[in-house]
Amino acid sequence: MESSCPSTPRWNLDRPFLTGRFHQEIKGTSRLAADAKGFPSDSFSSGLENPIGCYDAAVQELIVIDDLLFALVGIEGRYISIKRVHGKGDAVSFQVDASMDLALQELAKRIFPLCESFLLIDEFVESRSQFKNGLVNHAFAAALRAFLLDYQAMVAQLEHQFRLRRLSIQGLWFYCQPMMGSMQALSTVIRKISANNYAGSTVLNLLQSQAKAMAGDSVVRSLLEKMTHSASNAYLSILERWIYEGVIDDPYGEFFIAENKSLQKESLTQDYDAKYWRQRYSLKKDIPSFLANIASTILTTGKYLNVMRECGYNVQVPVSENSKLMTFGSNHQYLECVKAAYEFASGELLSLIKEKYDLIGKLRSIKHYLLLDQGDFLVHFMDIAREELLKKHDEISVEKLQSLLDLALRTTAAAADPCHEDLTCCVERSSVLKGLSRLKDLDIKNVSHSNDLEEPISITGLETFSLSYKIQWPLSIVISRKALTKYQLIFRFLFHCKHVERQLCGAWQMHQGTRALNYRGTAVSRSSLLCRSMLRFINSLLHYLTFEVLEPNWHVMHGRLQTAKSIDEVIQHHDFFLNKCLKECLLLLPELIKKVEKLKSLCLQYAAATQWLISSSIDIPKLDEQSDGSVGSEKSKQWKTKNPSKAQKVMTRNSAVTDSILKFEREFNAELQSLRPILSSSSQAEPYLTHLAKWLLGVGNDQ
């Protein structure tokens with residue numbers, strides 16, 4: 001994450017006397033002057049004319065010790081020079097006068113790595129203290145600066161011994177050895193940090209891994225662990241504020257949790273993917289190794305606290321001295337702090353959503369309306385809105401439907417529900433089948449065949465009408481746009497089934513009106529049997545959907561929500577309920593839903609044709625009720641003799657009515673029986689289909 005930070009003042013770069021680098025700059029200037037006068041710069045330093053080799057060994061040793069004491073703090077001596085190696089990250093190397101005694105050269109070169117490490121560490125401290133490098137680098141640089149003070153104190157003590165003439169070059173080497181391992185280990189870490197431009201979590205991980213790698217050297221390991229703890233203090237202060245207040249105070253983008261401020265909580269009611277809850281706060285790739293196992297818990301803890309802050313509740317985890325995250329170590333005290341903070345935040349948010357915002361009550365209200373748990377308002381609405389719903393979907397007035405819905409809600413038992421005002425209506429642009437194909441996260445089986453589902457040529461409001469629900473924050477975390485879309489798909493399927501049932505009931509009532517006319521054995525009686533079979537089919541389907549799928553799954557979810565320990569568990573149980581309902585309502589099985597839609601289409605076609613079938617049959621005299629010698633037979637013969645053309649028309653029409661009924665019957669039974677192999681083959685993998693087969697496959701056997 002890009003983060004803005006103050007720039008380092010120019011005077012900190014333009015005035016080298018504030019950085020300690022001025023010694024090298026002065027020496028470099030002197031060397032250039034020497035080169036200009038024609039003196040070989042590799043044979044002496046500081047403009048001296050006499051090479052060190054012209055002195056005897058004892059004097060050379062004193063000169064070399066004096067130069068080495070300067071070199072140990074990064075300053076060139078008279079016969080020891082500093083050379084920058086370009087192309088290797090501006091590395092430095094120390095060189096001695098070639099005329100120096102070979103034994104002294106060898107001892108001096110043994111000490112040079114310590115001098116080079118000091119220069120590297122000193123330069124790192126200076127550069128990494130700038131704002132742009134982040135809090136972890138600042139803290140690490142501060143710890144290194146304190147370490148260099150101890151190192152410089154050691155050099156000062158050696159210089160004091162040299163002034164008292166108690167220090168030989170062997171003694172200098174002896175006293176420098178304990179510091180050699182520590183300085184080289186720090187140099188290794190610093191080179192890796194500088195080469196890769198590490199910051200934040202990566203610096204902590206590198207320090208910790210280097211400390212583990214030094215298991216054989218307890219002194220160096222202890223030093224690196226101390227550096228790790230010092231560098232992590234700033235990081236832990238960011239972590240502490242996150243898990244105790246739900247606030248990311250991360251000016252340099254070092255924390256392992258990223259905040260996407262472009263996502264607002266209001267998007268939950270519009271965004272199908274519910275990005276706010278998953279992406280407003282997310283884990284980065286670089287996580288400190290000591291926090292890797294609890295990173296998700298830390299993320300969740302802060303998210304819970306943040307939700308409560310968004311609700312206007314300034315909740316803060318109770319913090320004691322023992323719960324301060326000032327360091328981490330083998331006692332794992334920081335793990336207990338994170339766990340305690342998570343349990344507090346989880347409990348507080350769950351209590352807020354379940355009690356103050358009445359999550360269970362809101363879900364129950366949605367069940368009443370979108371899952372047709374209380375359908376009295378829907379019956380009234382379908383009666384008064386029938387004319388509008390029969391229009392094409394692009395001709396429907398949503399405002400008129402909304403007013404009719406409000407009227408139905410106010411004049412039925414739904415008026416007692418305080419949440420009924422949150423119910424709204426909408427008209428979708430496509431059928432349920434097309435809506436299913438746009439669901440991204442559902443496991444729709446036989447996807448390759450899902451495109452074969454035919455969209456009705458002219459869909460009306462009956463196929464596209466849907467209810468919606470106004471969900472406010474923070475309930476929109478659980479009932480997101482995605483969850484509401486799934487509720488709507490189930491509602492639209494149930495609504496259309498109810499419409500088919502109403503149409504068939506109307507057809508059945510028309511058949512019942514002809515019972516007094518005694519049309520037994522005619523096309524009317526056959527039509528009556530077909531109508532009864534269709535009603536049994538749609539009633540069985542609705543019974544399966546409501547009593548075998550929705551009600552049992554709702555009770556299971558309700559029980560799980562009562563025992564949920566966190567809001568994430570609530571979301572998980574709710575999503576599982578919706579996905580299971582979609583699946584068991586056949587909406588995720590394109591092959592089956594295609595058959596069901598075909599059967600429903602046949603039922604609607606038959607119901608629409610019923611009035612013509614019955615009216616045509618009533619006009620037909622009962623020519624089939626002939627019996628030899630009967631009065632009816634004589635009258636029929638007399639009527640045929642007197643009206644031969646009309647008799648022919650009646651017989652033709654009777655034949656057409658019978659053929660139409662037989663065609664509906666054949667198609668309905670064929671489609672119904674084609675469900676048998678599909679249900680039989682699928683019920684082994686999907687046991688719930690056994691219940692559906694039990695209800696549906698017996699429908700056509702009583703023809």
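I am working from a predicted model.

**Entry 1: helices α7 and α8**

I began with two helices. Two packed helices are described by the angle between their axes and the distance between the axes. I looked up both values for α7, residues 201-213, and α8, residues 218-245. Their axes come within 9 Å and cross at roughly 160 degrees. Angles over 145 degrees count as roughly antiparallel, so α7 is roughly antiparallel to α8. I also noted the handedness: the crossing of α7 and α8 is left-handed.

Next I asked which residues make the contact. From α7 I listed S201, L204, L207, Q208, Q210, A211 and K212. From α8 I listed R221, L224, E225, M227, T228, A231, S232 and Y235. I then sorted the contact by class. It has seven nonpolar, five polar and three charged residues.

**Entry 2: aromatic pairs**

I turned to the aromatic rings. The count comes to 14 aromatic pairs. I picked out one of them, W242 with Y281. The ring centres are 5.1 Å apart, with 55 degrees between the planes, and the pair is tilted. W242 lies in helix α8 and Y281 in strand β4, residues 281-283. The pair therefore ties together parts that are 39 residues apart in sequence.

Are these two residues buried or exposed? I checked each against the cut-off for buried, which is under 20% relative accessible area. W242 is at 0%, so W242 counts as buried. Y281 is at 5%, so Y281 is buried too.

**Entry 3: an aromatic cluster**

Last, I looked up a cluster. F381, F465, F491 and F495 form one aromatic cluster.

How values were computed: Residues are numbered from 1 along each chain as its sequence is written. This is a predicted model: local features need pLDDT of at least 70, side-chain atom pairs count only at pLDDT 80 or more; totals for chains, interfaces and linings use all residues. Side-chain values use heavy atoms; hydrogens and water are left out. Axes are lines fitted to C-alpha atoms, for helices over the stretch in contact, and angles run from 0 to 180 degrees between N-to-C directions. Helices (H or I, at least four residues) and strands (E, at least two) are DSSP runs, numbered from the N terminus. Angles under 35 degrees count as roughly parallel, over 145 as roughly antiparallel, 65 to 115 as roughly perpendicular and the rest as oblique. A crossing is left-handed if the near helix is turned anticlockwise from the far one by less than a right angle, and right-handed if clockwise. Contact means heavy atoms within 4.5 Å. Ala, Val, Leu, Ile, Met, Phe, Trp, Tyr, Cys and Pro count as nonpolar, Asp, Glu, Lys and Arg as charged, and the others, Gly among them, as polar. Rings of Phe, Tyr and Trp (its six-membered ring) pair if their centres lie within 6.5 Å; planes under 30 degrees apart count as stacked, over 60 as edge-to-face and the rest as tilted. Buried means under 20% relative accessible area, exposed over 50%, partly exposed in between (1.4 Å probe, protein chains only).
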